[in-house]
Amino acid sequence: MAVLDAGAITQATAGNREARTAWGLTAPALLLMVLILLVPVVVAGVLSFTNYSLGNASFDWVGAENYERLFTRSTYEKMFIATFTYVVTVVPISVGLGLGAALLLHSLGRIGDIYKTIYFLPVMATLLAMAIAWEFMLHPTIGMVNRTLAMACGTWLEVVPFVANGCAGGFPLWLGDRDYAIWVVCFIGIWQGFGFNMVLYLAGLTAVHRELYHAAEMDGAKSAWERFRLVTWPALGPTTVFVVTISCIRAFQVFDTVEAFWPQGGGPNKSAYVMMFAIFEKGVQQNLIGMGSAITMLFLAFVMSLTLIQRWLVERKVHYG
Amino acid sequence: MKHTTTAMVLVLAASAAIAEDKVTIEFAYPYSHLFDVTYEAMMPAFKEAHPNIEVKFRATYESYEDGTNTVLREAVAGNLPDVTMQGLNRQQPLVEKGIAQSLEPFIAAEADFEKDGYHEAMLSLSTFDGEVYGLPFSVSLPVGYYNMDILREGGIEELPRTWDDVIAACKTMRANGIDNPIFWGWNITGNWFMQALLWSQDKAIVENGNVTLDSPETLVALEQMQEIFTECEMQNLEWKAALASFSAGDIGMMFWSTSALGAVERSQGDFELVTGPFPGFDGKPMGLPAGGNAAMLTSTSDDPKVREAAWTWLKYITSGEGAAEVAKTTGYMPPNKAANEIILADFYEQNPNKQTAVDQLPLLRDWLAYPGDNGLAITQVIYDSIERVVTGDATDMKELQQEMVEEVADLLPNG
């Protein structure tokens, strides 16, 4: 008995020591996470129930007033419309283009490297600097885009209604037109983002076993489409979940283009008033920390739920261990 | 970039010269596209006159709103510059929050302050509770910019005097094949042209701590804007794009602050540019808001040497040769008698385009600040509302006025 007890005790102390070492080793990371991640989130959460204005000594509690405004004012309705338009447009297209480009490049071999670089260039370029370049190109009268379009005037291309209208009444203002503004931002988002998705898919493709294709071919999957549908697409499942989640989060975070194009106001009629810009405008530009925090909390909720969905999918649906 | 380099050179120079007892002061200003040239022109003479003062330029503010904001943040973070340039209607909040400091002690120590050309009317723009907090640096008024080549081509011989004339001119020009007759600068700092149309009717936008957006004058102003935008079929250009278009010779008439005149002339294409007085409702406007900025002392230093150096810099840029550079390089007027009357005596004769704003000086009114902490947010409401008129999103001006009043009420201290 005594011997057994002693053994149990040594084991327990050893276990304790191990646990302590484990905690000791994770402590720095935990501490940092709490300090620079959780504490600010909690502070923002608390501030979202106040009317704190930067530079003031005190603040008042306003209850859920900030949240109530968030869901009743037309400004924020425009914010939700702009944000979801952007996410719903940019995510599927940039994922689709990324996958398409990856498949094409995968089959190219050597020469593919050149294209890889070309497609990846916009990802590496600073979006803010690129936005300024786009701003010049999209200038309504002296910009490259409209000048190029104007070259089509007087040619057979005028059969296209868009060109005909443009030649008659001037081409779109792009950044100044509320019908085009958000689509311009979407276009730039896709242009900038799909190269990143392509790289992720290329990595995913290298992990697909060659044998699976041979097996599928022997089983009668003759066409390329069949092979894609039966082998490539399912094998890319985990990559797709990751790519879609990352793209979603990045799409929710769009900010640089809007800030560069419309530093005041977030697009004509707030048509490109995306969430990140709203947070910046309220919290940083106008010093309405309470309102800014409320939008931030909502933003965190969106991103959080996306991450949870991703985890759930990865664990349940697309794991082929 | 140029300024970063200058700043770096200055820092290096400063550290090398500690032995010689150099004082470094930090300084920030808005609108680099207007003022870079001004400060560049001022610096050599200042360095010669005060070799022991190094002025370190901070990153420029994008706009007056950005400037106020940056200073508010810096006040919380504890790294305020020693001298900052602030929009005339953004001084009040900084005074109320105790960030800007009274200049009275320095003024009291000056023997011939009046003689330096600072006079009552101009200083009143920066006087709060009987104390001077800022020295106005540049004052502007709205004017009309006209591309005479386009106007003649469009069949217009005479400059418009009222808004009805402007609209009639638009129609004639359109009929004569001019695509882009007008840019009306509603988006200049978001609220300045609103105040311009109100002052034109001799109405203040803030009276006794109340924002008067519910007044009949506001409705008149909104309806006038709508008429200009729709009848002229004005394109909704971002203001930088509009200035670029006008300079390139694509726009016939542009209504904007006289401040941009220097910048427009520098990048002007091949056409005849003429400025004219800001049109009014029936005849001349009854008043116009003063635009521009003032130098404020925000130094947190206890060192009397630094404070004295900051004052020297403040005084230098707002008087004498320093102030004269403002008129020479921009379209602003230096709010300093001595600079205007003595140094610039024949300057305006040679530059009649810059004379237009000077002629309008009797109309000068305050660019009013909005009460409470939310001045910037109130400006944004006005901006957003006018934008809805430009884009055609709002068609019923009465309804729009009502929405504006409600949104602004939310943002007022007693709202």
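Let me start with the contact between the two domains of chain B: 23 residues of domain 1 of chain B touch 23 residues of domain 2 of chain B, where two residues count as in contact if their C-beta atoms, placed from the backbone, lie within 7 Å. This is a predicted model, in which local features need pLDDT of at least 70 and side-chain atom pairs count only at pLDDT 80 or more, while totals for chains, interfaces and linings use all residues. Residues are numbered from 1 along each chain as its sequence is written, and chains are lettered from A and ligands numbered from 1 in the order in which they are written.

Turning to chain B as a whole, it contains 19 helices and 15 strands. Its radius of gyration is 22 Å, close to the 22 Å that the globule rule gives for 415 residues, so chain B is as compact as a globular protein of that length. That radius is taken over C-alpha atoms, and the rule is 2.2 Å times the number of residues to the power 0.38. The C-alpha trace of chain B spans about 70 × 50 × 40 Å along its principal axes. Of the 415 residues in chain B, 52% are buried, that is, they have 20 or more other C-beta atoms within 10 Å of their own, with C-beta atoms placed from the backbone. Among contacts in chain B between residues at least 6 apart in sequence, 77% join residues at least 24 apart.

Next, chain A. Its assignment gives domain 1 (1-47) and domain 2 (68-316), with centres 42 Å apart over C-alpha atoms. Four residues from domain 1 of chain A and six from domain 2 of chain A make the contact. UniProt, in an unreviewed entry, places "domain: ABC transmembrane type-1" at residues 80-310 of chain A; such annotations may be inferred rather than shown by experiment, and the positions follow the numbering used here, with feature names shortened. Over residues 80-310, chain A is 74% helix and 0% strand.

Between the chains, the contact takes 24 residues from chain A and 29 residues from chain B. The chain A side has eight nonpolar, 13 polar and three charged residues.

Finally, confidence. The model scores ipTM 0.72 and pTM 0.80. Mean pLDDT, the predictor's confidence in each residue from 0 to 100, is 87 for chain A and 88 for chain B. In chain B, helix H1 (residues 2-16) is lowest, at a mean of 55, and strand S7 (residues 142-147) is highest, at 96. Where pLDDT is low, the predicted coordinates should not be read in detail.

Definitions and conventions. Helix = DSSP H or I, 4+ residues; strand = E, 2+ residues; numbered from the N terminus. Domains from an automatic or database assignment. Nonpolar A, V, L, I, M, F, W, Y, C, P; charged D, E, K, R; others polar. Buried ≥ 20, exposed ≤ 12 C-beta atoms within 10 Å, placed from the backbone.
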